[in-house]
Amino acid sequence: MKDNMVEILTAAVLLFGLVREFRDQRLTALLWVLPLIPIAVGALQDDLIDQHRSGASIGLGAAITGVGLVLGVAYGALLPLTRDAAGYAVFKGGLYAVAVWAGLLVSRTAFFKVGQNQDIRTGFGFLAISFGAMLLARTLVVTVRSRKRVPAGSAA
């Protein structure tokens, strides 16, 4: 029951994050903090690493986290970036968000199947970590992009 509750809570946080992608988001400190929640929850999972095949398990986990980072960088580079009247950088994921999040789920499923074929247990934790990594990478790229002058109300 405890494991199911952690997965449900993590899924709720991820759903909250996805819903936020369809609204204008200001580039604030909250965007740096929210991705840390799934990363922390994922890292604290008891079944994060298969104890019988730890090296392969860590390799699969690192690979899916790497995919999350790459998708996050691409996502951050593609997002339309504007400034609001107060001068804050603002972005909205929209359909980009659906494509990136679906890509991460598809790649996670592929890594899960590879793990199953090699008799390596892959838990929920690396999925949560990869989502957090994707959001952190996106925020980093958007922050770097926002440093250049973006006029109010125009997309960069």
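## Two helices

How are α4 and α6 oriented to each other: roughly parallel or roughly perpendicular? In this predicted model, the axes of α4 and α6 cross at roughly 30° and come within 7 Å. Angles under 35 degrees count as roughly parallel. Helices α4 and α6 are therefore roughly parallel to each other. The crossing in which α4 passes α6 is right-handed.

## The nonpolar core

The largest nonpolar core has 23 residues. Within this core, the members that touch the most others are Y75, F91, W101, F131, M134 and V142. At least two core residues come from each of α4 (54–78), β3 (89–91), α5 (95–117) and α6 (125–146). The biggest contribution is that of α6, which gives eight residues.

Y75 can be followed through its contacts. Leaving aside residues up to four places away in sequence, Y75 touches E21, G93, Y96, A97, V100, W101, M134 and R138.

## The aromatic pair

One aromatic pair is present in the structure. The pair consists of W101 and F131, with 5.0 Å from centre to centre and 40° between the planes, and it is tilted. W101 belongs to helix α5 and F131 to helix α6, so the pair ties together parts that lie 30 residues apart in sequence.

Are the two partners buried or exposed? A residue counts as buried when its relative accessible area is under 20%. W101 has 6% relative accessibility and so counts as buried. F131 has 3% relative accessibility, so F131 counts as buried too.

Notes:
Residues are numbered from 1 along each chain as its sequence is written. This is a predicted model: local features need pLDDT of at least 70, side-chain atom pairs count only at pLDDT 80 or more; totals for chains, interfaces and linings use all residues. Side-chain values use heavy atoms; hydrogens and water are left out. A nonpolar core is a set of buried Ala, Val, Leu, Ile, Met, Phe, Trp, Tyr and Cys residues joined through side-chain atoms within 4.5 Å. Buried means under 20% relative accessible area, exposed over 50%, partly exposed in between (1.4 Å probe, protein chains only). Helices (H or I, at least four residues) and strands (E, at least two) are DSSP runs, numbered from the N terminus. Contact means heavy atoms within 4.5 Å. Rings of Phe, Tyr and Trp (its six-membered ring) pair if their centres lie within 6.5 Å; planes under 30 degrees apart count as stacked, over 60 as edge-to-face and the rest as tilted. Axes are lines fitted to C-alpha atoms, for helices over the stretch in contact, and angles run from 0 to 180 degrees between N-to-C directions. Angles under 35 degrees count as roughly parallel, over 145 as roughly antiparallel, 65 to 115 as roughly perpendicular and the rest as oblique. A crossing is left-handed if the near helix is turned anticlockwise from the far one by less than a right angle, and right-handed if clockwise.
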